[in-house]
Amino acid sequence: MNLVKPTQFLTKKSIKVIDSIMGSGKSSWAIQHMNNAPARQKFIYITPFTDEVDRIITSCDKREFVQPVNDEGTKLEDIKRLIAEGADIASTHALFQRVDAELLELLEIENYTLILDEVMNVISPLSEYTKSDLKLLYSEGIITVDDGGFVHWNSPDYDSDGYFTKIRNLANSGNLMMYEDEDGQPVVLYWTFPAESFHCFDDIYLLTYLFDGQIQRAYFDLFKVNYIYHSVAKIDGVYQLTEYKQGHNKQLSHIRNNITIYTPAPADKNDMNKVGSKRNDFSVGNLKTRKNQTAVLKVIKNHAYNFYRNKCKTTAEDVMWTTFKEAKDILQPVGLSDSFVAVNSRATNQYQDKSVCIYLANRFMNPVTKNFFSKHGVQVDEDTFALSELLQWLFRSRIRHGQPISVYIPSKRMRDLLTDYLEGGV
């Protein structure tokens, strides 16, 4: 079936994607830009974590940034009040993702500039509903799907407290899409962030790295949201946006010299990388199959322990490790119960003193999500996606400050992606 792409939402201006490596000064440029902007210009700064909200409020000393609170209502109500008052606002992805029609109208009226620190979760499956649930709604005509993939709710008298209320509400708000298989059978529903939100700002800046491999890039292409690339550099003591040159990164050699990836020495009797030699090793699916393989899991955990205690000769205080949340309990290395950092962690400085990084994961895009985009004519690069996620995680460590780190990545695929990147650059 040939699908028509969703409605095009043209932004007032192309979104400026500041695609520059972590630590290159994206946030510093944003703070400088906001401090130097005319007083009449209004900003909303959206970041993943509350500690970064506090940083913006403190660092933008030429402006009076405030954050929404829920003292007399919800934070959503408070951000509407602040927008109506024309305040400079700093808040989190979690709140911004709750945007509704009233908030969009206020933004359209008030002429704000949006600075989005890191990509957001802009599309998410409604995993609580099964294929059987969807087939029931489909067969009874309660929901229908248009040529663009959007779901429409056709039962106005449905019980407001019913099991499918969430589907009804999202469909009625225009934020629900469905992926169907080749036979036209419903597979999964996706909540999508309202793309018209990117029409409501005078200017938008997105601060990230390797945007080509990220889901929000595919989302922008899906909804035909215009964007252009820039880099950032410090020139004569001032941060400036510069022309984007793919593959060019002045910091790469400095980073390369400070990352030591474990490879077995010729004299080693035990190659700790063999446990991840297959392409899918350490993926979510692979770890599920290993869930009951007690002996294999013990080997993996012993390798991780051996790496930080014997190869690196350090203690748990210097270590950060990760895997998928589904495998955290079965893979946790000895002594590292307090050293876990989520595999999708980004935009936080909480672990900036860590010198040893253990990465027990192999990142692939959800295959259904990949097929969903593909069916709409949008292609994704899984290797760039995986590399982007790995680099974001590694840059939670002290490498962001130019200090050396030691890295154990048993997945050959992930290790090769990092090695090729450091040798050639992206």
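How many nonpolar, polar and charged residues does the lining of the largest pocket have? By class, there are 22 nonpolar, 14 polar and seven charged residues (Ala, Val, Leu, Ile, Met, Phe, Trp, Tyr, Cys and Pro count as nonpolar, Asp, Glu, Lys and Arg as charged, the others, Gly among them, as polar).

This is a predicted model, in which local features need pLDDT of at least 70 and side-chain atom pairs pLDDT 80 or more, while totals for chains, interfaces and linings use all residues. Residues are numbered from 1 along each chain, and side-chain values use heavy atoms, without hydrogens and water.

Select N121, I215, N344, R363 and F385: of the 43 lining residues, these lie nearest the centre of the largest pocket. A pocket is an open set of points on a 1 Å grid over the protein atoms alone where a 1.4 Å probe fits, with protein on both sides within 12 Å along at least five of seven lines; lining residues have an atom within 4 Å of a point.

Next, show β15 (319–322). Strands are DSSP runs of E, at least two residues, numbered from the N terminus. V319 and W321 point one way and M320 and T322 the other, all buried (under 20% relative accessible area, 1.4 Å probe, protein chains only). β15 runs parallel to β16 (356–359), joined by four bridges; M320 stands opposite C357.

Then select β1 (15–19) and β11 (203–208), which pair in the parallel sense over four bridges; pairing requires at least two DSSP bridges. The bridge partner of D19 is T208 in β11.

How values were computed. Buried means under 20% relative accessible area, exposed over 50%, partly exposed in between (1.4 Å probe, protein chains only).
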